[in-house]
Amino acid sequence: ENPNYIELNGTTANLKGSGAEVKNSKVTITSAGIYVISGKLNDGQIIVDVQDKGTVRLVLNGTEIKSSDNAPIYVKNAGKTIVSLEAGTENTITDGTKYTLEDTSSDEPSAAIFSKDNLIINGTGKLTVKGNYKDGITSKDDLKITGGNIQITSVDDGLVGRDILAV
């Protein structure tokens, strides 16, 4: 399977390949597949919204993603999302202290990396998560961590999994 490349450059992103849409500083992945993400996003989001419940692999290849008012990585819909930490890379995900939620009656998202569906984190790279709003990494389904050097600082919980939390 050919990977797609998302290069973040401050206020927007360049997509090499297909399966994602870039609108200002929001990148929405709409198709299953592999997405290699690199660069820096000053105030934006990577959103996974795959309706057919396929598998999305986000390869963090030296990236810094910040969102001042929402989850920097937000999986709304997918059968499974795999976050792979590329060997030898450092990746940092940081949110702000207040979220602006689309649905004010909902408490979601509530973490810097937030998934409504199964989330797996693997690889050997480094991931630093700074959860300034609430939690660090949350899955509303299974959360499995099978690799990576992960450091989480959060005001509430570091890791939250609903059905399974396996490390």
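**Close-up views of a predicted model**

**View 1. Residue D135 in strand β14.** D135 is found in strand β14, which spans residues 135-139. The model shown here and in the views below is predicted. D135 is buried and yet has no salt bridge. The nearest side chain of opposite charge belongs to K134, at 6.0 Å, whereas a salt bridge requires a side-chain nitrogen of Lys or Arg within 4 Å of a carboxyl oxygen of Asp or Glu.

**View 2. Contacts made by D135.** A polar contact of 3.4 Å links the side chain of D135 to the side chain of T138. Leaving aside residues up to four places away in sequence, D135 touches D95, S110, A111, A112, S154, D156, D157 and V160.

**View 3. The hairpin of strands β1 and β2.** Strand β1 (residues 4-10) and strand β2 (residues 13-16) run antiparallel and are joined by 4 bridges. The hairpin between β1 and β2 passes through 2 residues. Within this pairing, I6 has L15 of β2 as its bridge partner.

**View 4. Parallel pairing of strands β1 and β5.** Strand β1 also pairs with strand β5 (residues 33-41), in the parallel sense and over 7 bridges. One of the pairs to inspect is N9, whose bridge partner in β5 is K40.

**View 5. Parallel pairing of strands β5 and β7.** Strand β5 pairs in turn with strand β7 (residues 55-67), over 8 bridges and in the parallel sense. Here the bridge partner of G33 is V56, in β7.

Conventions: Residues are numbered from 1 along each chain as its sequence is written. This is a predicted model: local features need pLDDT of at least 70, side-chain atom pairs count only at pLDDT 80 or more; totals for chains, interfaces and linings use all residues. Side-chain values use heavy atoms; hydrogens and water are left out. Two strands pair if DSSP finds at least two bridges between them. Buried means under 20% relative accessible area, exposed over 50%, partly exposed in between (1.4 Å probe, protein chains only). Lys and Arg count as positive and Asp and Glu as negative; His and the chain ends are not counted. A polar contact is a pair of N or O atoms within 3.5 Å; within protein, one must be able to donate a hydrogen and the other to accept it, and residues adjacent in sequence count only if both atoms are side-chain atoms. Contact means heavy atoms within 4.5 Å.
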